[in-house]
Amino acid sequence: MSGAAAAGIQPKRRERAIDLFKGLLIVGMVYCHTLQFFSDPVVYPSISRWIDFFNLITFSGFVFSFGYVSQLAYYSKPFRSACPRMLVAALKTLLAFYVSGTAFRVFHDGAPLQWDTIRPIMLLKDIPGWSEFLVSFTYLMVLGLVLFVPLRWLSGRKWLGFLAAGLLLAGTLFPYGAVHVPQLGLLVGTRDFASFPPVQYFPYYLLGILFAKYRIRFDWLVLAGSVLATGLFAANWRYAGELPSRFPPSLFWIIGAAFILNGYYLLARVLERIPYAFGFLESMGRNVLLYLVLSNLLIFTVKSSRPDLLVGSGGGLLYAAGWLAVCGFCSWIVTKRTR
């Protein structure tokens, strides 16, 4: 995420394409959240397809970009230099979770703003909705720090790294039903509450590291692998008659986003060749954490004041554009411009 994943990157090392990639993900995520809070699939059946689509790709895409930027910011540097910045990045996403989670309980659930509401969130005993992905990035950064040396070793062996990413998919076979401790469920998954366990999504983090290290653009083998992965997801969906499990994540859910994200990545590479035209997306990608937290606060607040507001796919897009415009304005007035 911007405030986390991009921390410590020098301007000269910044890659516009990955910021554009993250910007595309933010647009989809805010649109998805808008539809989830202010629409109804019974009234507007088409929104289910949009929600499913963005649910499938968004977190996996952010994990990929997290790995990509971490390679540039951390793994290309000595551990002693990277460690403090990785810890600060983890702290930022944790604080973002506290803010978003508390806002959800207060504005959405009507809980009083008092210590009894905040304390379980701070101890990670209470995991409010639409905020759990933020704390997952804290876990992911800590996991990336603990595995700093093995990840640097793997990234130096390209094809072994890709093989390891595939083998890590075995994490989806974890016995989720055995986990009932919230703090552990956030790491490895559980059936007790919705979570985005970094262990199961870690293949995308490793792939992001490899893409950054080897400057991978269009690659026929990557394309073939992504087509195979998403094809297996689609085949499972068709055979089962329903989407694979998202909470906790199944193998087919994890691999399902591969082809679409590869397309997003290649699109971002095309967009970076057009100077200034997509600066708004690039700005989102540079300030991901601000957009994620502030858009959540806006959505929770409006939902609490207008609980009967109902929009379709088009209206939802307009509202999402409004949230993003407010976030963009806030980013603009607090960002120091380099001369």
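**Buried residues, salt bridges and a pocket**

Student: Why is R269 called buried in this predicted model?

Tutor: R269 has a relative accessible area of 5%. Buried means under 20%, so R269 counts as buried.

Student: What makes R269 and E15 a salt bridge?

Tutor: The closest N and O atoms of E15 and R269 are 3.1 Å apart. The definition asks for a side-chain nitrogen of Lys or Arg within 4 Å of a carboxyl oxygen of Asp or Glu, so the pair qualifies. It links distant parts of the chain: E15 is in the loop between α1 (2-5) and α2, R269 is in helix α13, and 254 residues separate them.

Student: Is E15 buried or exposed?

Tutor: E15 has 10% relative accessibility, and therefore counts as buried.

Student: What makes R286 and E282 a salt bridge, and where are they?

Tutor: Their side chains meet at 3.6 Å, N to O, and the cut-off is 4 Å. Both are in helix α14 (residues 279-286); because they are four residues apart there, about one helical turn separates them.

Student: Why is K22 called buried, and what does its side chain contact?

Tutor: K22 is in helix α2 (residues 16-38). Its relative accessibility is 1%, so K22 counts as buried under the 20% limit. A polar atom of the K22 side chain lies 3.1 Å from the backbone oxygen of G285, and a polar contact needs N or O atoms within 3.5 Å.

Student: What lines the largest pocket?

Tutor: The largest pocket, with a volume of about 660 Å³, is lined by 24 residues. L207, G225, S226, A229 and A258 lie nearest its centre. Helix α11 (220-240) gives the largest share of the lining, seven residues.

Student: How many residues of each class are in that lining?

Tutor: The lining has 20 nonpolar, four polar and no charged residues.

Methods:
Residues numbered from 1 in each chain as written. Predicted model: local features only at pLDDT ≥ 70, side-chain atom pairs only at ≥ 80, totals over all residues. Heavy atoms only, no water. 1 Å grid on protein atoms, 1.4 Å probe; cavity = no way out; pocket = protein on both sides within 12 Å on 5 of 7 lines; lining within 4 Å. Points joined across faces, edges and corners; volume = space filled by probe spheres on them. Helix = DSSP H or I, 4+ residues; strand = E, 2+ residues; numbered from the N terminus. Nonpolar A, V, L, I, M, F, W, Y, C, P; charged D, E, K, R; others polar. Buried < 20%, exposed > 50% of the residue type's maximum accessible area, 1.4 Å probe, protein only. Polar contact = N/O pair within 3.5 Å; in protein donor to acceptor, adjacent residues only side chain to side chain.
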